[in-house]
Amino acid sequence: MALSVPAIMRTTAARLSALYFLLFAICAVLLVFYMTSLSARMLTAQTQETINDEVLGLARAYQRGGLPVLVRVVEARSRQPGANLYLIADTNGQILTGNVQSLEPGVIETEGWTTRPFSYRRFGEGELERQRNPASDQNEMQSSESEVQVEGEKGHNAIALVLRLPNQMIMLVGRDLGEPERFRAVIRRALMLALGMMGLGGLLIWFFVGRAALKRIDSVSEASRRIMGGDLSGRLPVTGAGDEFDRLSENLNSMLARIATLNEGLKQVSDNIAHDLKTPLTRLRNRAEATLSGKQKTTDYRQALEGTIAESDQLIKTFNAILMISRLEAGYSSESTSRVDLAASVRDVVELYEPVAEEAGVTLETSMQDAFVVEGNRELIGQALSNIVDNAIKYSTDSTAEPTVRVALDRVGREVRLSVSDNGQGIPDDADRARATERFVRLEKSRSQPGSGLGLSLAKAIMKFHSGRLDLLPGDPGLSVVMSFPEPEDH
Amino acid sequence: MHMPATQSSSEIAYNGSMKILVIEDDREAADYLQKAFTEAGHTAHVAGDGETGFALADAGDYDVMVVDRMLPRRDGLSVIAGLRSRGNTTPVLILSALGEVDDRVTGLRAGGDDYLTKPYAFSELLARVEVLNRRASAREAETVYRVGDLELDRLSHSVRRAGREITLQPREFRLLEFLMRHAGQVVTRTMLLENVWDYHFDPQTNVIDVHVSRLRGKIEKGFDKPILHTVRGAGYMLKSG
């Protein structure tokens with residue numbers, strides 16, 4: 001909690017808490033206002049009803065015995081504890097009887113319901129001894145003119161019905177509004193309390209829930225800072241709760257893993273380029289140096305330069321292969337694929353290599369039935385297959401029997417398999433076989449053969465691009481290289 | 001690097017010299033190309049950016065253009081598309097450092113006629129540019145190709161030399177057909193692989209050499225004069241005498 005207030009307000013959790021608090025408070029205030037006005041209206045209606053009842057009772061008394069009975073009833077009722085307000089005044093507004101000592105001027109001048117609550121003062125407030133003395137009542141009444149004008153600040157509020165009796169005297173029946181006002185005060189207190197509690201609740205929620213979320217976000221940004229600092233093996237924390245934060249962390253982690261793989265690949269490529277291109281470059285330089293140093297004939301220069309060109313071409317080829325593998329591994333758009341007939345590819349490549357095989361004394365056989373159509377890139381498939389056939393021809397020459405390379409196309413389960421098998425020595429060691437498709441790996445006995453060591457890696461990258469596999473299986477004898485393509489969906 | 005090509009320039013002069021426009025922003029590479037084209041007997045103009053290149057190509061009458069894909073001010077493909085939309089049909093060879101699988105396709109779709117990925121050998125570029133020369137493409141329409149005493153009938157699929165029938169496999173026929181169409185021009189191994197087999201990759205072994213030597217056996221064996229020559233460091237050339 002060492003954060004300063006502006007810093008706290010910058011956090012999402014605090015902002016959200018504040019926003020929720022504000023919205024909640026507005027809603028609560030509106031609700032309370034609605035409720036109080038509604039209940040105040042209800043209470044007013046109730047009060048008016050009570051007054052109406054009173055007036056009815058008084059009217060009956062007046063009918064029974066005229067003004068004296070009315071005055072008696074009024075006086076009797078006035079003395080009851082918690083009595084309503086009663087007042088009878090003469091035509092000039094002089095109070096004759098009742099329990100009202102003074103009231104706001106003008107109230108009794110208009111007949112009917114008072115339009116708004118008015119303030120008044122009852123007899124006996126602060127002067128209890130005079131309350132029961134009708135004589136002093138009379139005295140007070142005399143001096144009430146001035147009192148009426150100075151309406152007391154300590155007076156109560158009431159509503160009343162003002163009537164004119166048949167003899168033109170004025171009668172007022174009213175009811176104190178103390179009850180609805182107390183009710184309003186209670187509601188107001190409750191509102192203040194509720195708002196206070198809500199504020200406290202908001203703070204608590206922010207403290208426990210918001211801060212927990214905040215903490216996790218902080219740990220994620222902390223971890224990403226570490227990773228950006230160079231620790232690419234670092235991962236974001238996953239709590240195992242399976243919530244949004246975990247999902248976010250998991251996704252970011254798999255992104256990091258992908259980046260790490262690509263980065264690793266890049267590093268490997270640059271290492272391999274450095275290692276594998278250094279040798280031919282050094283050879284190139286040495287050849288040029290040696291040619292320059294001795295006394296040479298023109299034909300020697302020509303020969304050296306031609307050798308240089310041949311060597312450069314080989315370098316360019318190697319370079320292109322490296323670039324191609326990297327690009328394939330980085331992933332291509334599927335734009336470059338179409339329907340490819342594997343059988344046609346096999347025929348093309350076998351036909352391309354047939355003279356080479358014949359020259360090397362290798363029999364090149366094919367075994368396939370009808371057309372096998374897969375989704376892919378004809379160019380890439382042709383290149384992969386030609387690399388594999390090229391290898392097979394080279395390595396079948398050490399066969400004990402008659403060297404043979406067999407290209408077979410078949411459907412196994414939901415895969416289309418294109419296999420190239422030779423009957424040479426093969427790669428007996430499982431680990432060696434697994435390593436053979438790695439970049440620049442040239443197994444011991446292949447060192448004497450020309451090649452960049454990229455042929456099988458390129459084929460593997462091409463198969464990965466086709467969502468397929470490249471497997472090296474031990475033959476009997478020899479080696480079988482299998483390209484497995486997923487069957488196209490609508491087949 | 002261009003030594004063998006220079007040596008063979010006298011033979012290539014069969015087509016006469018060409019006027020070549022090179023649009024390439026790399027100053028050094030452009031200068032080298034200009035010098036090398038001049039040594040090969042051609043005239044080369046250089047534009048350093050797309051807009052200048054477009055203006056030059058639009059105004060001048062060039063035989064072939066060599067256009068780099070990534071250029072300042074205007075992209076190479078846009079230059080080509082712009083020229084094509086103005087009815088300019090000058091053959092274009094696109095140079096690119098990209099070399100992705102579908103680069104070739106997008107390049108050719110934009111109106112390019114050939115595509116070469118950097119780094120390349122100048123001998124390869126020269127051979128391709130000379131084959132692109134539009135004066136050479138006139139042979140497309142001919143039905144019978146003749147080079148010296150060698151004759152190839154494209155309709156009856158028959159080949160004769162000095163009146164003697166020579167039997168060729170279908171692929172050998174296409175190989176010879178391509179060589180004869182570009183007789184007197186250097187044809188590289190990759191050009192043969194592209195045009196006869198429709199593959200654009202570099203085979204690990206020189207498979208093309210074996211095919212060519214087989215073909216050579218058939219069209220030269222029993223005849224006193226060689227006709228299918230190897231141009232060292234570059235490729236092959238079919239030429240009488």
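This is a predicted model: local features need pLDDT of at least 70, side-chain atom pairs count only at pLDDT 80 or more; totals for chains, interfaces and linings use all residues.
Local features were considered only at pLDDT of at least 70 and side-chain atom pairs only at pLDDT 80 or more, whereas totals for chains, interfaces and linings use all residues. Residues are numbered from 1 along each chain as its sequence is written, and chains are lettered from A in the order in which they are written.

**View 1. The side of chain A that touches chain B.** Across this interface, 30 residues of chain A are in contact with 23 residues of chain B, two residues being in contact if their C-beta atoms, placed from the backbone, lie within 7 Å. Helices H7 (298-330), H8 (342-360) and H9 (378-396) of chain A each supply at least two residues of that side, and the largest share, ten residues, comes from H7(A). Helices (H or I, at least four residues) and strands (E, at least two) are DSSP runs numbered from the N terminus. The residues on this side of chain A divide into eleven nonpolar, nine polar and ten charged, where Ala, Val, Leu, Ile, Met, Phe, Trp, Tyr, Cys and Pro count as nonpolar, Asp, Glu, Lys and Arg as charged, and the others, Gly among them, as polar.

**View 2. The antiparallel partners of S1(A).** Five bridges join S1(A) to the antiparallel strand S7(A), residues 170-176, with Tyr86(A) opposite Val173(A). S1(A) also pairs in the antiparallel sense with S2(A), residues 95-98, over three bridges, pairing requiring at least two DSSP bridges between two strands, and here Leu87(A) stands opposite Gly98(A). In the hairpin of S1(A) and S2(A), which has five residues between the strands, Gly93(A) takes a positive phi near 90 degrees.

**View 3. The open sheet of chain B.** Five strands with parallel pairing form the order S2-S1-S3-S4-S5, and the edge strands, S2(B) (43-47) and S5(B) (114-117), each pair on one side only. Four bridges join S4(B), residues 92-96, to S5(B), and Leu93(B) has Asp114(B) as its bridge partner in S5(B).
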